[in-house]
2 protein chains.
Amino acid sequence: MSKILNTMSIDVGARLRSVRTTLGLSQRELARRAGVTNGLISLIEQNRVSPSVSSLNKVLDGVPMSLAEFFTLDLSTAPQAFFGAEDLVELGNPEVSLRLVAAQRPGRQLTMLHERYAAGAATREEMLAHRGEEAGMVIRGRIELTVGGATRVLGPGEAYYFASQVPHRFRNVGREACEIISACTPPTF
Amino acid sequence: MSKILNTMSIDVGARLRSVRTTLGLSQRELARRAGVTNGLISLIEQNRVSPSVSSLNKVLDGVPMSLAEFFTLDLSTAPQAFFGAEDLVELGNPEVSLRLVAAQRPGRQLTMLHERYAAGAATREEMLAHRGEEAGMVIRGRIELTVGGATRVLGPGEAYYFASQVPHRFRNVGREACEIISACTPPTF
DNA sequence: CGTTCTTGTCCAAGATCCTAAACACCATGA
DNA sequence: TCATGGTGTTTAGGATCTTGGACAAGAACG
């Protein structure tokens, strides 16, 4: 006896699905980041259950997004064409800042990021799951980039381009912060 | 074995208690309006449980307040002294609008409302639970006010003052909207 | 002093959420 | 064709939320 919960003033399921798909995450990947099960994400998105606030909070921690942002999201906006610096959604941390362009855009096919690595900061070396390609250009500072077996330090005006499935790692070996504009497809964030 | 849930980034219990006490409601009164039990309100406010989103939504319907407003509330603001029209919190409905001054102020001792009755609108005649007194002045339109057995129509510049426990009823018998500035103590909203 | 009302808290039992595991489907590739 | 790895969905059962009622403490009143 499959049941669907009464329509509430706020459609939590649609909201969560919108947030997740916009960021290009699978239910399992979001579940892993949030420390819950993929089944729960599925049930919530179908409005088969109304999650406890603490569960929803855990799920949103995997995005990351606050409850206030989640409930304040306006789903019915026309696709936005221009984004001020304050419109970019921060996905990283203070050490490695990743600011996403057009985060809310449904069905987004491209991920563009404004990345900022603090002095000494680095990404974990890891194999990304998707099959897309990544490109970027340094606009300030210097960054050491390792792709497969090769390592090189890039400065302002220099760029990179590689397939995402090749293990790669960014490391800021300089004294000042390094900023990069990057793009990849399909979207992983 | 009494347990207290892990501290979350957002203290739902404190938030709800703050909202409720600020409005001068008891747990039972809020529960009645929301269609839940007083026990649930108690447990939520103590963070003994993390309510489901749908329960929290039901509870907030009794205020009324949206989930977005609830999670956006800033609890740590210094007492606000000035309130623009947009700062007043709407407590009524389209027919009978009740806009509360200083809704968020903790320990508020006074309730001041900007009331607006659409043409033909009326309050239910009911005995209010508290023992305070109410006063108000019409600033626009005309309103028929019944207090105990007496009825009178008041216009701009005219005022009223009575004990809250006397049954009373407001009714706009005119063609235009009627606006009133009212105050009562202790706070019932 | 009791009586009666209010308040918030606490406690089984029932309802709902959440997990772990399985399922069905599709795409890729040997 | 079969295996592999990805996707979202479903289900049984344990964990948690929610209810209805009891409880204790305080205030108002006679």
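Modeller: Happy to! Let's start with a term: a salt bridge is a side-chain nitrogen of Lys or Arg within 4 Å of a carboxyl oxygen of Asp or Glu. By that rule, the interface of chain A and chain B has zero salt bridges. Please keep in mind that this is a predicted model.

What does the interface have, then? On the side of chain A that touches chain B there are nine nonpolar residues, six polar ones and no charged ones. Helix 4 (53-61) and helix 5 (67-72) of chain A each give two or more residues to that side. In total, 15 residues of chain A are in contact with 15 residues of chain B. The buried area between the two chains is about 1,200 Å², and carbon and sulfur atoms give 71% of that. Polar contacts do occur here: the rule finds four residue pairs across the interface.

Now for the DNA. DNA strand C is surrounded by 19 residues, and the closest include A:Ser50 and B:Ser26. For example, a side-chain N or O atom of B:Ser26 is 2.8 Å from a phosphate oxygen of DNA strand C. By class, the surface near DNA strand C has ten polar, five charged and four nonpolar residues. Its largest share, three residues, comes from helix 3 of chain B.

Key:
Residues numbered from 1 in each chain as written. Chains lettered and ligands numbered in written order. Predicted model: local features only at pLDDT ≥ 70, side-chain atom pairs only at ≥ 80, totals over all residues. Heavy atoms only, no water. Near = heavy atom within 4 Å. Polar contact = N/O pair within 3.5 Å; in protein donor to acceptor, adjacent residues only side chain to side chain. Helix = DSSP H or I, 4+ residues; strand = E, 2+ residues; numbered from the N terminus. Nonpolar A, V, L, I, M, F, W, Y, C, P; charged D, E, K, R; others polar. Contact = heavy atoms within 4.5 Å. Buried area = accessible area lost by both parts, 1.4 Å probe.
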